[in-house]
Amino acid sequence: MRLLLVEDHIPLVDELLPRLKAEGYACDWLVDGRDAARAPSDEHYDAAILDLGLPGRNGLDILRDWRAAGLGLPVLILTARDSWSDRIAGLEAGADDYLGKPFHPDELILRLRALIRRSHGADVAPELRVNGLVLDEARQCVAESAGAVALTGGEFALLRYFMLNPGRVLSKWQLAEHLYSLDAERNSNVIEVHISHLRDKLGRGIIETRRGQGYVFRGRGP
Amino acid sequence: MIPGPSLKRHLSLAILVVLTLLGIAIASGANLLFDRLEARVSEARVSSASERLLGAIRQGQSGPYLDPSRLDPEFNRPLSGQYFVVTVGEQRWRSRSLWDSELPTVSGKRPGAFVRAPGPGGQQLLLLTRVFERFGQRFTITVASDYGPLVAEFRRGLYLFIGLWGLALAASLLALNLWLNRALEPVALARRQVAEVRAGKRESLAGEFPRELAPLIEQINTLLGETRAALIRSRNALGNLGHALKTPLAVLSNLVEREDIRRNGELHQALRAQLDQLGGRINRELSQSQGTRAGGTLEPFVPARDLPPLLKALERAHRRSLTVNLRHTPELSLRVERAELLEVLGNVLDNAWKWARSRIDVAIDGEGGHWHIRIEDDGPGIADPAARQRALGRGERLDESVAGQGLGLAIAADIIAAHRGSLALETSTLGGLAVRIDLPLVATDPD
């Protein structure tokens, strides 16, 4: 999952980025409102966390521009301005969720998780269940009848992306785009290695290879 | 404020006193003038009558006699008001008009002086007695004339004048009242406009005001502007401070959740509690200042327009939908600042959403000068009265396990109290908590 974080308070960003990374999210971070107004049209983000009081451009205006441009990515507004009239204004501008500062970091992760799942049409349940596979996002493991199968951070992020796009053919390029941030070193071999590890841990049929096209998540289904 | 003396009564009294004194002065003057005029006219009449009477005395064979053909006919008509008595030697001639009465005897008066005395039939007579020498004899001629009719005529005139004067006085007072009402019209207009400013329907007083009132209106507008500016300044300062504090607080809130701090459970909990208290405190003060209308026009709360997005926001925030029954008239509009009432209802509904099993009822209606808002849920409610008090108190968290600052109800109660309303917690018929809010309707006119 690739996120866009627009926030101008650097100490907060310093706290958020490692936490989001630990949760398997690749983050791009912008400070200036004018940059944010342009950003998502060129990149493929799965969600955005948007502060409202930004230098350059107001967060609400940015959001309105995104929506006017037909951008549908889920947006969570993270702001100190959290009166109910502010919240309503935020939702009416096109936000999908609204979180007031200060916030509990777990709360942000929960909301983000729910937001992304909803945007992929998945249920908002404690675990992600797709095609007979149960992914525990909090513990980053797969629940099997025999017990939990632990995953590395890379494997977890990849499997989650697959499970949120079941049946879709995903190219290596697409996967890299959604799993790594701009500053991360992109190596297509890493994806192949992660897929191979997932197959080892969960069974070969879990991810199908389409030659020249990419991969499709099959899970335990027919 | 105790109303001072009435301007109208003041001016009415002044006009009444001035016009009455003027009327008395005119009437007295007229009276004085009339007295002098009457005396002169009556005296001239009596005087000439006595001379003519002397002229009517003839010398005959048997001595002097009165020539009836030369007598004024008035002397012959009984009780005509014109009388004479002539004494010559032993003879005494009386006018026929005297009939069977006598002229009053005037004693002690020297001849040639005018004397006033009551006459026959209540007449008021002016008498003149003169002594003439004619035909070698002494004639004492007394002529009397009734001046009563003249006085009566004047009295009638005077009464008429007083009556008309009284009417003029009443008319003046009436006119004064009408004029004052018209003259005070701009004051009434200013009063209505001030009430509209209070109700948030306008920002300043405007219109054409008379020259005497314009400086006052200008002063009021300046005062309104300055008050508004000061309010906006302090509100913005408080808002900026609050919002500026929240982001570092968010950093601290995240830092506290780091592994090395979490491992020290006691420290983690103590820090967490302090941070929560700090955040709650800021939220509470901010919600007080955010809604405060800094003058300007008020944006009313319209349930039909404002409740659905609020419910949507709540649904998003809680990630669960509930059955919410709204009961209010469709065209209802509350003259309370929209942001403020949204903050109140948002906080109360937020609490209800946390606890409700499946249903929340919201009813809004206005009656008896109050808005009544009732929000009920089918959750567990708060049975203990002490716990209810705590829920409305300071930074109280009833259940640590439920997300949120636990002071939504207190924030709502603060805002309602600032509007001189009341917020009470009761038991709902649905089984859960019922929050009853009574808000006084903002009077648009001080009357």
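Trp84(A), Arg87(A), Ile88(A), Leu91(A) and Glu92(A) in H4(A) meet Pro309(B), Leu310(B), Lys312(B), Ala313(B) and Arg316(B) in H6(B), where contact means C-beta atoms, placed from the backbone, within 7 Å. By class, this helix pair brings together 6 nonpolar, no polar and 4 charged residues (Ala, Val, Leu, Ile, Met, Phe, Trp, Tyr, Cys and Pro count as nonpolar, Asp, Glu, Lys and Arg as charged, and the others, Gly among them, as polar). The axes of H4(A) and H6(B) lie 9 Å apart, at an angle of about 85° (axes are lines fitted to C-alpha atoms, for helices over the stretch in contact, and angles run from 0 to 180 degrees between N-to-C directions). H4(A) and H6(B) are therefore roughly perpendicular (65 to 115 degrees; under 35 is roughly parallel, over 145 roughly antiparallel and the rest oblique). Helices (H or I, at least four residues) and strands (E, at least two) are DSSP runs, numbered from the N terminus.

This is a predicted model, in which local features need pLDDT of at least 70, side-chain atom pairs count only at pLDDT 80 or more, and totals for chains, interfaces and linings use all residues. Residues are numbered from 1 along each chain as its sequence is written, while chains are lettered from A and ligands numbered from 1 in the order in which they are written.

Zooming out to the whole interface, chain A puts in 24 residues and chain B 27. On the chain A side, helix H1 (10-22), helix H4 (84-92), strand E5 (97-100) and helix H5 (105-119) each supply at least two residues. H4(A) gives the largest share, 6 residues. The class count for this side of chain A is 13 nonpolar, 4 polar and 7 charged.

Within chain B, helix H6 (residues 303-318) also packs on helix H7 (residues 338-355), at about 40° and with the axes 10 Å apart. That angle makes H6(B) oblique to H7(B). From H6(B), the contact uses Asp306(B), Leu310(B), Leu314(B) and His318(B), and the H7(B) residues include Leu342(B), Leu345(B) and Trp353(B). Here the tally is 6 nonpolar, 2 polar and 3 charged residues.

Next comes the strand architecture of chain B. An open sheet of 5 strands runs in the order E4-E3-E7-E6-E5, with antiparallel pairing (strands pair if DSSP finds at least two bridges between them). Strand E4 (91-94) and strand E5 (114-118) sit at the edges, each pairing on one side only. From one strand to the next, the twist averages 20°. Strand E3 (residues 82-88) of chain B joins E4(B) over 4 bridges, and Thr87(B) stands opposite Arg92(B). Helix H1 (residues 7-55) of chain B lies across E3, E5, E6 and E7 of that chain, at about 145° to E7(B).

Leu50(A) is the bridge partner of Val6(A), whereas Ala48(A) stands opposite Val75(A).

Notes
Contact = placed C-beta atoms within 7 Å.
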